[in-house]
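This report covers chain contacts, helix packing and salt bridges. The sequence and structure are shown first.

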Amino acid sequence: MSQVDWAVLAAALAGMVAYGIWKGGRSRNTEGFLLAGREMRWGTVALSIMATQASAITFLSTPGQAYADGMRFVQFYLGLPIAMIVVSAVAVPLYYRLKVYTAYEYLETRFDLKTRTLAAFLFLIQRGLAAGLTIFAPSLILSVILGWDVRLTVLVIGAAVVIYTTSGGARAVSRTQTLQAAIILTGMVAAFVAIVALLPADVSLFDALRVAGKAGRLKAIDPSFSLTSRYTLWSGLIGGAFLQLSYFGTDQSQVQRYLSGSSVTQSRLGLLFNGMVKVPMQFGILLVGATLFAFYQFQAPPVFFNPVETAKVRSSPEGPRFADLEARYRAARGAQEARARELAAAMRRGDGREGGAVAAYRAASAASGELRSEAISLIRTADPKADPSDTNYVFLSFVVHNLPAGLVGLVLAMVFAASMSASSAELNALASTTLVDVYRRLLKPGAGDGHYVLVSRLATVGWGAFAILFAEYASRLGSLIEAVNILGSLFYGTILGVFLAGFYLKGVSGTAVFVAAIVAEALVVACFLFSGISFLWYNVVGCLAVLALALLFERASRKPFPAITASV
Amino acid sequence: MIDPDGPDSGPRTPVPVSADEPPPFGASWKALYVVVAGTLAALVALFALFTRAFK
């Protein structure tokens, strides 16, 4: 990295922390610290919602996902607009009427304390772990680029977020997120423009995308119905809607964002705006990855994108074999590049000889793919604990090796901004739930407001420390974007089922829902451990299981025992 | 006792809010919901066309 890049990155990082402290002010009451005084306009609410969901994982892992697996991941987000409509229509007015600080307060009003506490604990476990992943992702960048110990970089990022979140609370989080959103948008557009500009002079963007299409990377919609295929139109619309409903309707990290709106109208507008722009935004990020794939059809990529693993195998006894494989891979990629150019030319001419060019390109691609698989096997031979997935490094590797000075710093600042925006919202939400649903409700009710603000700040620091510790173990979870969504899907269905039972099953009691939630969670974990069902469907399974079992248990609890009835 | 302005220590009592206030633009909330759903349908159609064009 050049000095210009360092200057851009350092200025962006220091600027974000300083801006957060400045704009956050010094909240002296819990409403100010936890809900930004409920004074945000819809534009700020919308940006805050989007920045909370789009963490650094989104900007690191998603382009790599498109590079390796194509555009089909966009289907994951298709349920989001549906969820925005339902949350706006049902949850927002309800939460405002109850003037709650956390979503889980509603559950005590509707059911009982134990149901509220169960949902709050499920949230704390799931979001606490997810916060670790959110901090880990950008730490990976610095550790890879600078050769620093990842523990040090995790600590630096985590500390920066904790400083302004502890200082300014929800107001600092929301205000900083608008600045971070601007940095993110600029960085992503700059990266896309750079990829297009670096394509060979005789290959247009359209040519490159058509080659990527022939490699199966531009398949955005899969209309087939399959419970085991990870991303289809139906798993996205149905399973995705359940997941997003749970995330936006019951996850405190999002509920807290729109409860900071100054009215029901401001919150609703923020959510609906998100419903309209989120899917195109994800499509755009995936398109960056697909374009990157197209770029590497005309220029040889490294055989493996993780430089730490390749350095390890090179210095191991397998080093000479790996060097030989790398040389063969470069030759194979040279042949693949020639076939890609022939294919692009054939498609441009449109003279009917495209079929032969496609077959030749695919054969060349398969040959280099086999060599890459051999290289990955060798990496695993040299170090059985090595991560065989390099999806998370694809985008970064391109940025560091191909972008001009200044832009590298900007893109890295984008990743940091994304990470800080999401993790600050997570820490703020974890602190809120810890204070409102655990400390104030169960441990120390009736203390003064100043005491609760202090506890909120301490909880922010505590959860920051937990997230940093968990981040140390996050490096072996494969594709981070999938890891965080799978983790969420293990809990979201059950939590959503509890809330939907509250909204729609008027005759069901807290005990029936509580027991149903525990059984449903066990069922979801069993699906994860023992079935091949794709993770998006866990949300449907968990939610429907809670609703069905709650009705069943309620009915069973009301049914009189025959013997007792007879004696009476 | 419930403090409506602070974090509670028990169940909440609902307070009236202007949930039925019309949106600042558009005829009604229902109309806005239809716009969002229509945008989703249009995006799915566009993505299907995109998939087909680059197949």
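Which residues in helix 4 of chain A meet which residues in helix 16 of chain A?

## Helix 4 and helix 16 of chain A

From helix 4, A:Phe59, A:Leu60, A:Pro63, A:Gly64 and A:Tyr67 meet A:Val394, A:Phe395 and A:Leu396 of helix 16, where contact means heavy atoms within 4.5 Å. Helices (H or I, at least four residues) are DSSP runs numbered from the N terminus.

This is a predicted model, in which local features need pLDDT of at least 70, side-chain atom pairs count only at pLDDT 80 or more, and totals for chains, interfaces and linings use all residues. Residues are numbered from 1 along each chain as its sequence is written, chains are lettered from A in the order in which they are written, and side-chain values use heavy atoms, with hydrogens and water left out.

The axes of helix 4 (residues 56-69) and helix 16 (residues 394-402) of chain A lie 7 Å apart, at an angle of about 100°. Axes are lines fitted to C-alpha atoms over the stretch in contact, and angles run from 0 to 180 degrees between N-to-C directions. The two helices are therefore roughly perpendicular (65 to 115 degrees; over 145 counts as roughly antiparallel).

## Interface of chain B and chain A

Chain B contributes 34 residues to the contact and chain A 46 residues. Together they bury about 3600 Å², with 72% of this on carbon and sulfur atoms; buried area is the accessible area (1.4 Å probe) that two parts lose on being put together, summed over both.

## Salt bridges

Over all chains the count is 18 salt bridges. In one of them, A:Asp251 pairs with A:Arg127, with the closest N and O atoms 2.8 Å apart. A:Asp251 sits in the loop between helix 10 (233-250) and helix 11 (252-259) of chain A, and A:Arg127 in helix 7 (residues 113-146), 124 residues apart.

Methods. Salt bridge = Lys/Arg side-chain N within 4 Å of Asp/Glu carboxyl O. Parallel < 35°, antiparallel > 145°, perpendicular 65-115°, else oblique.
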